[in-house]
Amino acid sequence: MRIYNTLTRKKEALKAERGKKLSLFVCGITPYDFAHLGHARTYVVFDAFVKYLRNSGYKVFYLQNVTDVDDKIIKRAKEGKQTWKTVSTRFEKEYLKDMGGLGVNSVSKYARATENIPEIISQVKRLLHKGYAYEIPGDGIYYDISKFQSYGKLARRTKEQSDDAVSRIDESIQKRNKGDFALWKLEPSAKTDFAHPTWPSPWGRGRPGWHIEDTAITEKYFGPQYDIHGGGRDLMFPHHEAETAQMEAISGKKLLARFWMHSGFLTIGGEKMSKSLGNFIAIQDFLKNHSPRVLRLLFLKTHYRSPIDYSEKLILQTKQELERIDEFVGKLHETRSMKRETKKRFKLQASRFTLHASYFMKALEDDFNTPKAIAVVFDLIRKVNPLLSRNALSRKETKEILAFLHEMDKIFGFIFAKQKISAVPNEIKKLLVQREQYREQKLWNKADELRKKLLAKGWLIEDTPSGPKLKKTV
């Protein structure tokens, strides 16, 4: 497999032995509010990526952090007159609920920042000892980016450009360089209240900076170096740049991660979806009106490095594509359940079917090219549908195609995903019977009215030679 490495700006061979452990870290959430579709895009992509690796024989340990101590959490706690722990715990639970709803279940370990304070303090101590950090009395410990000669190598920025690296709690006017960032922020006793979390340290009570938790957590579970670091493109600078500077300064080793993978932005009207811009759609709000399958297909039919501009038109198009897949799978199940083989048997050549499976895997091996892989599936649908309409596919061949789709869905999770679809309600059954009576009486207008009524209730009627069939709409 070849992966595009953000660090080198080119595709490189993964070169990992199947059966051996593969370490992957993806930056997690800051639980101060509901997660939005921008978050979902990153986590659905890496969920599918990990499932592909595992399905290919790799033993992947997928680690994700939870930034449960942060300025935004403190601000939310103050506004609601709650403790910081109440806020972070609530929204972490909401996030995990959202991930469960989207079928994101591949993470091996969620590690909270507040559960790794000793590891964080240890890293700060070592950075001070090595001369990469300095103390501002009464303020905190800061990383001196001028001491790390390759600072900016990931994002291809120079130190002179790093004045825009200031974020969260890095705004001290006493810093040596504008781009220096906080490793440990001291909290005056006057500010230590129910909303402000603090811990004892050699420099006084305080809390960790934003970037230091990630390297403390990855060093604990993976050591100073690991295989893949992933996250949204917006985190490349300064967050991922800071992580690199921290861990490589501590370890003396050149690479924190062998590969850096960044997912593209999810935009609305060309602007990045974010809470700061107020243009975000919460995952929970989306799932109230749409199936999670729609979101997984939406994200995976676009290459993970490319941007997606969200719109209702795009959602409708994705629903129609999913309905096409559902219809195809329904026909395959119907053919498989036939009691005897059709006389018009058409043998789907093994070589043709094998080619589809081969093209599918080759697409994923090439920088996890999911849109190309999904195109293979739609090509299969286009070629097999005419055979299904002529009853020209055997049960054996049908089972082979279904088996291929099941293998694909272990990675993608939008074809055979478990859904809470109840049996056909009695009210719907009665409307269907009544429609058939109107059709027998040639009362076409009344029959058409009932068809529209059923569609409004979420049920599509497909008239077949063997009678009408109901299908739940997406």
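**Close-up views of a predicted model**

**View 1. Helix α5 passes helix α6 in a right-handed crossing.** The model shown here and in the other views is predicted. Helix α5 spans residues 212-222, and helix α6 spans residues 236-251. Their axes come within 9 Å and cross at roughly 55°. On the α5 side, the contact is made by Ile212, Asp214, Thr215 and Glu219. These meet His239, Glu243, Gln246 and Met247 of α6. The residues of this contact divide into two nonpolar, three polar and three charged.

**View 2. Helix α11 meets helix α12 in a left-handed crossing.** Helix α11 covers residues 370-389; helix α12 covers residues 395-412. The two axes come within 12 Å. They cross at roughly 160°, which makes α11 roughly antiparallel to α12. Six residues can be picked out in α11: Thr370, Ala373, Ile374, Val377, Leu380 and Val384. Their partners in α12 are Ile401, Phe404, Leu405, Met408 and Phe412. By class, the contact of α11 with α12 has 10 nonpolar residues, one polar and no charged.

**View 3. Helix α8 is mostly covered.** This helix runs over residues 292-300, and eight of its nine residues are buried. Two arginines, Arg293 and Arg296, are among the buried residues. Val294 and Phe299 are buried too.

**View 4. Gly458 sits in the loop between α14 and β15.** Helix α14 takes in residues 444-456, and strand β15 takes in residues 459-464. Is Gly458 buried or exposed? Its relative accessibility is 9%. The cut-off for buried is under 20%, so Gly458 counts as buried. Its contacts, leaving aside neighbours within four places in sequence, are with Lys471, Lys472 and Thr473. Lys471 lies 13 residues from Gly458 in sequence. In space, the two are 8.5 Å apart, C-alpha to C-alpha.

Terms used
Residues are numbered from 1 along each chain as its sequence is written. This is a predicted model: local features need pLDDT of at least 70, side-chain atom pairs count only at pLDDT 80 or more; totals for chains, interfaces and linings use all residues. Side-chain values use heavy atoms; hydrogens and water are left out. Axes are lines fitted to C-alpha atoms, for helices over the stretch in contact, and angles run from 0 to 180 degrees between N-to-C directions. Helices (H or I, at least four residues) and strands (E, at least two) are DSSP runs, numbered from the N terminus. A crossing is left-handed if the near helix is turned anticlockwise from the far one by less than a right angle, and right-handed if clockwise. Contact means heavy atoms within 4.5 Å. Ala, Val, Leu, Ile, Met, Phe, Trp, Tyr, Cys and Pro count as nonpolar, Asp, Glu, Lys and Arg as charged, and the others, Gly among them, as polar. Buried means under 20% relative accessible area, exposed over 50%, partly exposed in between (1.4 Å probe, protein chains only). Angles under 35 degrees count as roughly parallel, over 145 as roughly antiparallel, 65 to 115 as roughly perpendicular and the rest as oblique.
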